[in-house]
Amino acid sequence: MTQKVAVLGTGKIGEALLSGMIRAGWSPADLLVTARRPERAEELRTRYGVTPVTNPEAAKTADTLILTVKPQDMGTLLVELAPHVPADRLVISGAAGIPTSFFEERLAQGTPVVRVMTNTPALVDEAMSVISAGSHATVEHLAHAEEIFGAVGKTLRVPESQQDACTALSGSGPAYFFYLVEAMTDAGILLGLPREKAHDLIVQSAIGAAVMLRDSGEHPVKLRENVTSPAGTTINAIRELENHGVRAALIAAIEAARDRGRELASGNNT
């Protein structure tokens with residue numbers, strides 16, 4: 001792998017990506033990083049052997065630029081980068097809610113842009129990364145983005161029009177599961193279990209359920225029915241979840257996340 005890749009604004013997700021790429025075979029000599037704080041850049045150099053550079057240096061040197069700064073900082077970054085990004089650079093954005101047109105309007109005519117929404121399980125190589133092409137990105141550009149993000153999990157190509165929905169489902173998705181585990185842990189404590197034991201019971205149950213969903217090929221309704229005996233404990237619990245509108249609340253929550261993604265795309269960062 002001889003192409004140089006630069007990760008700009010290397011936070012937790014950017015670092016997870018670097019680590020995954022190195023494990024997948026990229027040479028640290030071909031990886032560049034930028035960070036807001038010099039001590040952070042030096043930390044990445046020491047930990048991974050990558051080369052810290054400035055944002056303009058990254059734009060001039062790397063073949064692929066991965067922009068991992070926060071959405072509200074993206075405009076400022078592009079002002080800094082634009083004079084230095086040739087039109088043949090591949091620009092990959094990891095910013096929620098910002099369309100590829102935002103980058104195309106601010107960079108050289110014809111610059112290929114790929115939009116990627118990944119999630120925090122990238123930290124444990126179990127990310128779900130959703131990939132969309134801008135108007136100048138080719139199949140080869142998409143394949144290169146898949147190669148990079150495939151180092152930290154699974155990838156899925158979708159039309160950009162579906163990005164906000166995917167962000168609401170998988171980008172924000174881990175938080176919903178963490179919220180559910182938090183609530184179930186509280187329930188375990190209410191029922192008399194120590195927090196640590198409740199946590200262990202719930203986490204292993206979640207892992208087992210996830211593996212069954214992934215590997216069994218069964219519909220989640222069928223898997224749930226297999227646990228739900230007539231007049232048993234599970235059906236009583238499910239009845240209470242339905243009585244309290246948990247299904248409707250979850251659907252509404254994901255719609256709200258989708259709507260916020262659309263607001264970010266329209267420039268409303270408040």
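These legends go with a set of close-up views of one predicted model.

Local features here need pLDDT of at least 70 and side-chain atom pairs count only at pLDDT 80 or more, while totals for chains, interfaces and linings use all residues. Numbering starts from 1 along each chain as its sequence is written, and side-chain values use heavy atoms, with hydrogens and water left out.

**View 1. The whole chain, for orientation.**
We're looking at 12 helices and 8 strands, picked out as DSSP runs (helices: H or I, at least four residues; strands: E, at least two) and numbered from the N terminus. Along the principal axes, the C-alpha atoms fill a box of roughly 70 × 40 × 35 Å. Of the 270 residues, 36% count as buried (under 20% relative accessible area, with exposed over 50% and partly exposed in between; 1.4 Å probe, protein chains only).

**View 2. Thr64 in strand S4.**
Thr64 sits in S4, residues 64-67, and is buried, with a relative accessible area of 0%. Its side chain makes a polar contact with the side chain of His144 at 3.1 Å (a pair of N or O atoms within 3.5 Å, one able to donate a hydrogen and the other to accept it; residues adjacent in sequence count only if both atoms are side-chain atoms). Leaving aside neighbours within four places in sequence, Thr64 is in contact (heavy atoms within 4.5 Å) with residues including Val5, Leu90, Ile92 and Ile148.

**View 3. Helix H9 and what follows.**
H9 covers residues 195-215, and its end C-alpha atoms are 30 Å apart, which agrees with the 30 Å that its 21 residues should span at 1.5 Å a residue (the expected span is 1.5 Å times one less than the number of residues). After H9 comes Gly217, with a positive phi near 80°.

**View 4. Asp125, a loop residue with positive phi.**
Asp125 isn't a glycine, yet its phi is positive, about 60°. Look for Asp125 in the loop between S6 and strand S7 (127-133). With a relative accessible area of 29%, Asp125 is partly exposed.

**View 5. Ala231, between two helices.**
Here the loop joins helix H10 (220-227) and helix H11 (233-243), and Ala231 is found in it. Ala231 is another residue other than glycine with a positive phi, near 60°. Ala231 is exposed, at 77% relative accessible area.
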